[in-house]
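Trainee: I would like a close look at one part of this model, the charged pairs, and then at what surrounds the ligand. Please take it slowly and keep to the coordinates.

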Amino acid sequence: MNVLEMKDIHKSFGPLEVLKGIDLEVKKGEVVGIIGPSGGGKSTLLRCATTLEHIDKGEIKIAGETLVSTSRSGLTQYTDKKKVQEIRSKFGLVFQNFNLFPHFSVRRNITESLIHVHKKSKEEANAVCDQLLKKLDMLEKADAYPCNLSGGQQQRVSIARALALNPDILFFDEPTSALDPELTAGVLKVIRELAEEKMTMVIVTHEMAFARDVADKLVFMDGGVIVEQGSDIISNPKQERTKEFLAGYG
Amino acid sequence: MAELASTLSQLASGLRFTLGIFFLTLLFSIPLGLIVARGRMSKNKIVAGIVRIYISIMRGTPLMLQLLLVYFGPYYIFSVKLADLDVGPFKYRFVATIIGFSLNYAAYFAEIFRGGIQSMPVGQYEAAQILGFSKMQTFFRIILPQVIKRVLPSVTNEVITLVKDTSLAQVLAVAEMFTMAKNLASSQVSVMPFIAAGVFYYVMNGVIEIIMNHVEKSMRYYS
Ligand SMILES: Nc1ncnc2c1ncn2[C@@H]1O[C@H](COP(=O)(O)OP(=O)(O)OP(=O)(O)O)[C@@H](O)[C@H]1O
Ligand SMILES: [Mg+2]
């Protein structure tokens with residue numbers, strides 16, 4: 001079963017066409033790694049999948065629900081607000097710069113949506129929070145504020161915040177790019193563990209070794225199109241553009 | 001000595017009005033300022049335009065003039081008897097003072113709030129949206145608490161100015177502290193009442209600074 005289906009996605013910012021017909025399918029339990037040069041449209045693709053940007057044309061289905069589609073006559077239409085809100089509860093997004101809520105403690109960052117959006121009791125929410133923090137080795141930081149955590153710890157909290165809502169699919173946009181090199185390992189380890197638990201994930205990353213290890217499928221994006229995809233395009237690229245890009249990573 | 005005691009007691013009776021103007025203005029102008037800020041940032045160009053003109057008039061003309069207009073406007077423009085405009089035990093001159101101050105301070109607060117809201121990183125809105133928060137929840141739970149921290153120093157400045165501005169109510173002959181001081185000074189032929197009133201204002205602002213410092217400190221748990 002496909003948790004994410006994106007068909008012929010087009011997206012422009014003014015005159016600049018950033019996505020030029022992207023097709024992407026992600027099966028349940030699959031980990032998809034997206035790589036490619038800067039400006040290739042990777043973030044834009046994730047932002048379209050997560051409703052932060054509206055597409056101009058194409059179709060997006062998440063967990064079987066149609067978020068947006070383009071009719072035969074060329075009219076692109078999003079589903080109604082209520083349905084969009086419902087679809088939003090089916091995915092999570094981990095940002096490059098975390099975007100934690102600075103005025104909330106770690107615990108409240110994780111439980112706020114559970115309590116006030118998903119109407120869970122405080123006890124239930126706290127139980128979910130404790131379990132996640134324990135798993136991410138952050139339990140002793142439950143009452144800390146984001147500004148007192150290292151970047152790596154903040155990113156782990158933001159992963160916990162996304163996981164708390166029990167999403168069907170989790171998107172990551174360069175989860176380690178804002179971190180000091182010595183802090184990336186902890187975050188990558190968490191993502192690896194999630195992959196072992198068969199969490200469905202789409203990960204944009206510049207960490208080639210990590211991408212090769214963790215991803216079931218790799219997608220190389222450049223100039224708004226998918227140039228090449230497959231399970232071993234990093235060790236065995238077929239396209240010239242992919243080879244050229246990978247050469248830059250030694 | 002007896003004169004001083006009577007001066008102080010009369011000033012103290014004026015202080016009731018001064019405090020009344022002060023607290024009622026804050027009570028009305030802060031929420032109104034939030035709404036005005038919202039209007040100023042509206043995507044609707046007409047709404048944003050009207051609000052913009054409102055703010056520029058409020059900030060670009062003397063508060064004293066605005067008070068006079070609010071007070072005499074109903075009579076000269078609509079021929080309403082001012083006595084008919086009393087609200088319960090409050091004379092219209094006091095009501096007009098509160099309306100004038102609230103409209104004026106709302107404009108200043110609105111600009112402060114707008115600056116604070118616009119300084120918030122877009123990532124906060126995006127994270128909230130992904131987590132399913134409604135627009136209202138996002139504003140009141142995520143954005144506003146952080147905006148309050150950011151604008152607190154500017155708000156403190158306005159509040160301190162307001163304490164001093166209450167003396168402008170004298171143009172509508174509201175019996176606030178400055179009006180009393182002026183009357184006492186001329187009847188006693190002495191500057192003592194002015195000095196005593198000055199001390200009152202100064203102490204009031206001292207208290208405000210202590211309180212606001214406290215509030216700012218209480219928000220220092222995050223950055
Ligand atoms: N909101 C926006 N308005 C205008 N142009 C934008 C906007 N967002 C992205 N772009 C442009 O779209 C193109 C693709 O950007 P995108 O961020 O998706 O690339 P990316 O593959 O994520 O790059 P990077 O590896 O640097 O993160 C770039 O040319 C960028 O300048
Ligand atoms: Mg990007």
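Predicted model: local features only at pLDDT ≥ 70, side-chain atom pairs only at ≥ 80, totals over all residues.

Is Glu197(A) buried, partly exposed or exposed?

Mentor: Glu197(A) is partly exposed, because its relative accessibility is 46%, and a residue counts as exposed only over 50%. Its salt-bridge partner is Lys135(A), with the closest N and O atoms 2.9 Å apart. Glu197(A) sits in the loop between helix H6 (181–196) and strand E9 (201–204) of chain A, while Lys135(A) belongs to helix H4 (residues 122–135), so the bridge ties together parts 62 residues apart in sequence. Lys135(A) is partly exposed too, at a relative accessible area of 34%.

That pair belongs to a set of 15 salt bridges over all chains. Another one joins Lys57(A) to Asp8(A), where the closest N and O atoms are 3.4 Å apart. Here strand E4 (residues 57–62) of chain A supplies Lys57(A) and strand E1 (residues 2–13) of chain A supplies Asp8(A); the two residues are 49 apart, and the pair links distant parts of the chain. Lys57(A) has 38% relative accessibility and is therefore partly exposed. Asp8(A), with 31%, is partly exposed as well.

A local case is the salt bridge between Glu240(A) and Lys243(A), whose closest N and O atoms are 3.8 Å apart. Both residues lie in helix H8 (residues 240–247) of chain A, and because they are three residues apart, about one helical turn separates them. Glu240(A) is exposed, with a relative accessible area of 56%, whereas Lys243(A), at 36%, is partly exposed. Salt bridges also form a network that links Arg47(A), Glu53(A) and Glu126(B).

Now the ligand. Ligand 1 has 13 residues around it, and those that come nearest are Ser38(A), Gly39(A), Lys42(A), Ser43(A) and Thr44(A). The side chain of Thr44(A) has an N or O atom 2.5 Å from a ligand oxygen. For Ser43(A), the distance from a polar side-chain atom to an oxygen of ligand 1 is 2.7 Å, and for His206(A) the corresponding distance is 3.5 Å. On its own, ligand 1 has 640 Å² of accessible area, of which the protein covers 60%. Strand E2 (16–27) and helix H1 (42–49) of chain A are the elements that give two or more residues to the shell. H1(A) contributes the largest share, three residues. Sorted by class, the shell holds seven polar, four nonpolar and two charged residues.

How values were computed: Residues numbered from 1 in each chain as written. Chains lettered and ligands numbered in written order. Heavy atoms only, no water. Salt bridge = Lys/Arg side-chain N within 4 Å of Asp/Glu carboxyl O. Helix = DSSP H or I, 4+ residues; strand = E, 2+ residues; numbered from the N terminus. Buried < 20%, exposed > 50% of the residue type's maximum accessible area, 1.4 Å probe, protein only. Near = heavy atom within 4 Å. Polar contact = N/O pair within 3.5 Å; in protein donor to acceptor, adjacent residues only side chain to side chain. Areas by Shrake-Rupley, 256 points an atom, 1.4 Å probe, with all protein chains shown as cover. Nonpolar A, V, L, I, M, F, W, Y, C, P; charged D, E, K, R; others polar.
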